[in-house]
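Dear colleague,

I am passing on the structure below, together with some notes on what was found in it. Please read the notes alongside the coordinates.

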Amino acid sequence: MAGIGRNWGLYLLLLPAVTLLLCFTYKPMYGVIIAFKDFKPALGIMGSPWVGLKYFEKFFNSYQFSITIKNTIYISLYSFATFPIPILFAICVNQLRANRFKRVFQTVTYMPHFISTIVIVGILMIVLSPGNGLLGHIYSLFGAEAPNLLGSASLFSSLYVWSDVWQHAGWDSIIYIAALSSVDPSLYEAATVDGASRWQKIRFIDIPMLIPTAVTLLILRVGGLLGVGFEKAYLLQNNLNISGSEVLSTYVYKIGLLSSQYSFSAAINLFNTVINFLLLILVNQISRKYSEHSLW
């Protein structure tokens, strides 16, 4: 209490953030109990009858379970394969010596991050549309018919993941560039004196400096394994690619808001959250056991 008294100003600054966290994050959590109830808006959450695990069993036994889980995991693992790209990007930027070109290059690569998802999807449609898109016009110049990439279920994951890489790789590299900027220049000077090549400097100085940051971000990313983003998946979705684009987030939206099956959608979303939480704990434990880096 004495510490609080001495630093009351800092705690006062913290109060608005804590209040918002309690009101909009923790207080609404009691609503997850509708996953175990047959929720009726007229009866309210507490007045609705209990049904136990009925809606969890309904989801596990539905034909959509295997489809949504498979698509979600596949897209997530595909995204994991691109995890090193921001690291490589940061290393390349760190090797640039012309400061003016370096600043311009970073600015250009950061810009896509600030484009909204709806605009990104619009760009993809304009470029890849087989009829009126850029791809369609290029094929028509050679008298050929353009493939319908937006209607291909097998290519949906590639469109989703690589458009994400283009949009966010530059921005995601910022934290790695910041880590590299903290490297003592004397290390590079000593390596140069010892005759180390540029690749050896990257291998023995840059990469070890990036490992703690990379491990932390990787653990956090594993914690969102089943959390494939809703907006882009839903906007790119159509009747032709539905078998490859239906993920948990889009299915929850359709069941909960479009079909008004609130308890069913809450059960699916709770299942998703629990799995992600367990994966986060598991990967953190593995990282702590086999390395010196972990979240806690």
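Axes here are lines fitted to C-alpha atoms, for helices over the stretch in contact, and angles run from 0 to 180 degrees between N-to-C directions. Helices (H or I, at least four residues) and strands (E, at least two) are DSSP runs, numbered from the N terminus.

This is a predicted model, in which local features need pLDDT of at least 70 and side-chain atom pairs count only at pLDDT 80 or more, while totals for chains, interfaces and linings use all residues. Residues are numbered from 1 along each chain as its sequence is written, and side-chain values use heavy atoms, with hydrogens and water left out.

The mean pLDDT (the predictor's confidence in each residue, from 0 to 100) is 89 for the protein, and 99% of its residues reach 70 or more. Helix 1 (residues 2-6) has the lowest mean value among the elements, 67, whereas helix 4 (residues 54-61) has the highest, 94. Where pLDDT is low, the predicted coordinates should not be read in detail.

The protein has 17 helices and zero strands. Its radius of gyration (taken over C-alpha atoms) is 24 Å, well over the 19 Å that the globule rule (2.2 Å times the number of residues to the power 0.38) gives for 296 residues, so the protein is more spread out than a compact globule. The C-alpha trace spans about 80 × 75 × 35 Å along its principal axes.

Contact means heavy atoms within 4.5 Å.

The axes of helix 10 (residues 156-172) and helix 11 (residues 174-181) come within 5 Å and cross at roughly 25 degrees, and the two helices are therefore roughly parallel to each other. Gly170, Trp171 and Asp172 of helix 10 make this contact with Ile174, Ile175 and Tyr176 of helix 11.

Helix 10 also meets helix 6 (residues 84-95), the axes coming within 9 Å and crossing at roughly 45 degrees, which makes helix 6 oblique to helix 10. On the helix 6 side the contact is made by Ile85, Pro86 and Phe89, and on the helix 10 side by Trp162, Val165, Ala169, Gly170 and Asp172.

Helix 6 has a further partner in helix 7 (residues 99-110), where the axes come within 10 Å and cross at roughly 155 degrees; helix 6 and helix 7 are therefore roughly antiparallel to each other. Here Phe89, Val93 and Asn94 in helix 6 meet Lys102, Phe105, Gln106 and Thr109 in helix 7.

With best wishes

Note on methods
Parallel < 35°, antiparallel > 145°, perpendicular 65-115°, else oblique.
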